[in-house]
Amino acid sequence: MSSCLPSSPSLSCWLPRSRRSPGEARRLLEKLLDSAPGGERFLESGKLLVSELVTNAVLHGTPMGRRVQIVLNVDRQRLRIEVHDARGERGPVLRAAGGEDESGRGLAIVKLLAHRWGCCPRDGGVGKIVWVEVEVESPVGRAR
């Protein structure tokens, strides 16, 4: 069961280390974006991004018995997704996945969809935060 603190248009929620947590994170993001003016513009990319980051935190960043925190914030121009986990000694590694690999493509998707993304230590020195920001496209588009 999750423990969430909504404050529109933001949400902070603790999720268990579970295979179900990425789905719960997607549902929470959908609820937040439904309540935010213009939030639907971030829905598709936001669901992919939050799913990837929470999956990585559950599989690689969270020891048994610990939880994952998600922090979501949206305004008219930007969606920010933060995923906090307890393992600070190892950050995300962007690598090229081979054709036969069953995993390893997620951070490439993050890099493609996010305007900005990164990793930083959590306050207090325990764990890390992996974050992404998605912005509304200008009519001209953006250069990569």
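These legends describe close-up views of a predicted model.

**View 1**
The chain has 144 residues, and 39% of them count as buried. From the N terminus on, its elements follow the order β-β-α-α-β-β-α-β-β. Among contacts with a separation of 6 or more, 60% join residues 24 or more positions apart.

**View 1. Helix 1 packed against helix 2.**
Two packed helices are described by the angle between their axes and by the distance between those axes. Helix 1 covers residues 21–35, and helix 2 covers residues 43–61. Their angle is about 145°, and their axes lie 8 Å apart. This crossing of helix 1 and helix 2 is right-handed. Helix 1 contributes Ser21, Pro22, Ala25, Arg26, Leu29, Glu30 and Leu33 to the contact. Helix 2 contributes Leu43, Gly46, Lys47, Val50, Ser51, Val54, Thr55 and Val58. By class, eight residues of this contact are nonpolar, four are polar and three are charged.

**View 2. Helix 2 packed against helix 3.**
Here the angle is about 145°, and the axes are 10 Å apart. The crossing of helix 2 and helix 3 is left-handed. From helix 2 come Ser45, Leu48, Leu49, Glu52, Leu53 and Asn56. They meet Gly106, Leu107, Val110 and Leu113 of helix 3. Six residues of the contact of helix 2 with helix 3 are nonpolar, three are polar and one is charged.

**View 3. The buried residues of helix 3.**
Helix 3 spans residues 106–113. Its buried residues are Gly106, Leu107 and Val110. Seen down the axis of helix 3, these buried residues fall within an arc of 95°, so they line one face of the helix. What do the buried residues of helix 3 pack against? Their partners are helix 2, strand 5 (116–121) and strand 6 (128–135).

**View 4. Ser45 and Val58, two residues of helix 2.**
Ser45 is found in helix 2. Its relative accessibility is 15%, so Ser45 counts as buried. Leaving aside neighbours within four places in sequence, Ser45 is in contact with Leu113 and Val134. Val58 also has its place in helix 2. At 8% relative accessibility, Val58 counts as buried. Not counting residues up to four places away in sequence, Val58 touches Pro16, Arg17, Ser18, Ser21 and Val68. Val58 and Leu15 are 43 residues apart in sequence. Their C-alpha atoms are 9.4 Å apart in space.

Side chains of opposite charge can pair when their charged atoms come close. Glu24 counts as partly exposed, at 23% relative accessibility. Arg27 counts as partly exposed at 45%.

**View 5. A salt bridge between Asp85 and Lys128.**
The closest N and O atoms of this pair are 2.9 Å apart. Asp85 lies in strand 4 (residues 78–85) and Lys128 in strand 6, so the pair ties together parts that are 43 residues apart in sequence. Are these two residues buried or exposed? Asp85 is buried, and so is Lys128.

**View 6. Arg116 and Glu135, a salt-bridge pair in a network.**
The side chains of Arg116 and Glu135 meet at 2.3 Å, N to O. Arg116 is in strand 5 and Glu135 in strand 6, 19 residues apart, and the pair links distant parts of the chain. Arg116 is partly exposed, with a relative accessible area of 38%. Glu135 counts as partly exposed at 27% relative accessibility. Which residues do salt bridges with shared partners join into one network? They are Arg78, Arg80, Glu82, Arg116, Glu133 and Glu135. A search of the whole structure finds eight salt bridges.

Definitions and conventions. Residues numbered from 1 in each chain as written. Predicted model: local features only at pLDDT ≥ 70, side-chain atom pairs only at ≥ 80, totals over all residues. Heavy atoms only, no water. Axes fitted to C-alpha atoms, helices over the stretch in contact; angles between N-to-C directions. Helix = DSSP H or I, 4+ residues; strand = E, 2+ residues; numbered from the N terminus. Left-handed = near helix turned anticlockwise from the far one by under 90°. Contact = heavy atoms within 4.5 Å. Nonpolar A, V, L, I, M, F, W, Y, C, P; charged D, E, K, R; others polar. Buried < 20%, exposed > 50% of the residue type's maximum accessible area, 1.4 Å probe, protein only. Arc of directions from axis to C-beta. Salt bridge = Lys/Arg side-chain N within 4 Å of Asp/Glu carboxyl O.
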